[in-house]
Amino acid sequence: MITDSIVLQTLSAPCFNRCRHCLLSSDGRVTGAPWDRSAALARRFKSWLSLNRPEVRFDFGFGYSMEHPRLGEALDTLNELGSVMGRMLQMDGLKLRDRSGAEALLITCLEHGVKHLNFTFYGTREYHDAFAGRQGDFSSLLQLVRLAAELGFERSAGIMLTAESAPMIGALVPELREAGLTAERSVRLLVPHSEGRGGELEAIRTRRRDLDLLGENAALLNRSAFRTEGEWMRSELEDETKRLIIITLTPQNIDEYEQTDIGEIIASVEALDDAYYAALPGVKELKALYGDPEGDRLFGRRDLLDHWRKTHLARTGTEVYDVTDETRNGSRRY
């Protein structure tokens with residue numbers, strides 16, 4: 001298994017939403033290590049990798065949202081380290097701001113190297129606010145989209161497609177276009193994953209019949225990336241060959257990590273990944289055991305494999321450290 005990328009993160013900025021599908025199961029509290037110590041460790045990681053494993057891509061970032069109290073300084077650090085987040089920010093879960101406050105936020109982003117802003121929508125206004133767990137979130141995002149257009153940012157948005165939101169897409173897309181998401185591929189439909197709180201959305205997971213409600217907007221869904229289970233069953237599914245290692249800094253581990261060789265830290269998380277997948281059958285066996293050739297629910301490839309793997313662990317009673325929980329150390333395979 002090839003470690004292709006490493007992400008070092010500290011979940012040290014609060015999110016003001018309580019989204020039904022939250023990957024990180026945010027409840028408003030922060031669990032990450034302090035920013036300054038995390039940034040210093042990130043510089044050590046970058047230096048060590050440059051000398052010892054230059055083929056591995058490195059990213060450093062923060063969460064649960066981009067609401068960093070020293071955002072400009074944080075962006076400078078991210079850009080110093082070549083992190084993607086320094087150039088592209090996801091603008092979800094921020095504090096609600098009036099126009100002047102929102103404009104000041106975006107000017108800070110612009111002055112500190114951000115080129116692209118991404119937004120997430122869950123449906124039309126009332127539904128979106130309920131899904132995000134906060135009244136006014138939809139209006140706040142539209143305000144940011146309009147200001148981003150005025151300031152010349154590249155802009156994109158993802159719309160979470162479920163059985164509940166599918167009937168709303170025809171009304172939502174024109175509203176997003178009017179606000180400033182005008183480029184051809186700036187609006188995409190996405191099928192929510194089942195990680196974090198996403199598992200609670202299984203009852204409304206998109207089905208093949210829901211696509212019939214989309215009309216011309218069906219083209220906004222990448223049907224190569226999101227297929228029904230039956231469609232995936234008719235394709236060649238192979239075992240993953242690469243992995244991304246996620247190292248999550250917390251107040252509980254940063255003292256140890258500051259005193260530990262970087263190579264040892266990486267190796268310890270690679271070992272967690274190895275143990276998790278060693279406890280599971282290969283992809284072809286999972287497909288034979290748990291795949292539904294007639295399944296009409298839509299999945300991304302990684303989400304479907306995760307669904308089969310979690311089914312296997314539950315049915316066999318196998319207990320193993322869950323490397324798919326991105327609130328702690330873990331990995332993604334691809």
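**Charged pairs, a strand, rings and a helix**

Student: Is Asp137 buried or exposed?

Tutor: Asp137 has a relative accessible area of 3%. The classes are buried at under 20% relative accessible area, exposed at over 50% and partly exposed in between, with a 1.4 Å probe and protein chains only. Asp137 is therefore classed as buried.

Student: What should I know about the model before going on?

Tutor: This is a predicted model, in which local features need pLDDT of at least 70 and side-chain atom pairs count only at pLDDT 80 or more, while totals for chains, interfaces and linings use all residues. Residues are numbered from 1 along each chain as its sequence is written, and side-chain values use heavy atoms, with hydrogens and water left out.

Student: Which residue forms a salt bridge with Asp137, and how far apart are the closest N and O atoms?

Tutor: A salt bridge here is a side-chain nitrogen of Lys or Arg within 4 Å of a carboxyl oxygen of Asp or Glu. Arg134, itself buried at a relative accessible area of 13%, is the partner of Asp137. The closest N and O atoms of Arg134 and Asp137 are apart by 2.6 Å.

Student: Where in the chain are Asp296 and Arg207, and how many residues apart are they?

Tutor: Asp296 and Arg207 form a salt bridge, with 2.5 Å between the closest N and O atoms. Helices (H or I, at least four residues) and strands (E, at least two) are DSSP runs, numbered from the N terminus. Asp296 is in the loop between α11 (283-290) and β9 (298-300), and Arg207 in the loop between β6 (187-190) and α7 (208-211). The pair links distant parts of the chain, at a separation of 89 residues.

Student: Which class of accessibility do Asp296 and Arg207 have?

Tutor: Asp296 has a relative accessible area of 25%. The value for Arg207 is 28%. Both residues count as partly exposed.

Student: Which residues are joined into one network, and how many salt bridges does the whole structure hold?

Tutor: Salt bridges that share partners join Arg53, Arg243, Glu270, Asp273, Asp274 and Arg333 into one network. A search of the whole structure gives a count of salt bridges of 31.

Student: How many residues of strand β4 are buried?

Tutor: In a regular strand the side chains alternate between the two faces of the sheet. In β4 (residues 116-121), His116, Asn118 and Thr120 lie on one side and Leu117, Phe119 and Phe121 on the other, and all are buried. The count for β4 is 6 of 6.

Student: Which residue of β5 stands opposite His116?

Tutor: Two strands pair if DSSP finds at least two bridges between them. β4 runs parallel to β3 (residues 88-90), with 3 bridges, and Met88 has His116 as its bridge partner in β4. β4 also pairs in the parallel sense with β5 (residues 154-160), over 6 bridges. In β5, the residue opposite His116 is Glu154.

Student: What is the angle between the planes of Phe45 and Phe58?

Tutor: Rings of Phe, Tyr and Trp (its six-membered ring) pair if their centres lie within 6.5 Å; planes under 30 degrees apart count as stacked, over 60 as edge-to-face and the rest as tilted. The structure holds 7 aromatic pairs. One of them is Phe45 with Phe58, stacked at 6.0 Å centre to centre. The angle between these planes is 10 degrees.

Student: Which residue has its charged end over the ring of Trp232?

Tutor: A charge sits over a ring if NZ of Lys or CZ of Arg is within 6 Å of the ring centre and within 35 degrees of the ring normal. At 4.2 Å from the ring centre of Trp232, the residue is Arg227.

Student: Within what arc do the buried residues of α11 fall?

Tutor: Val283, Leu286, Lys287 and Tyr290 are buried in α11. The arc is that of the directions from the helix axis to the C-beta atoms. Seen down the axis of α11, the buried residues line one face of the helix because their arc is 100 degrees.
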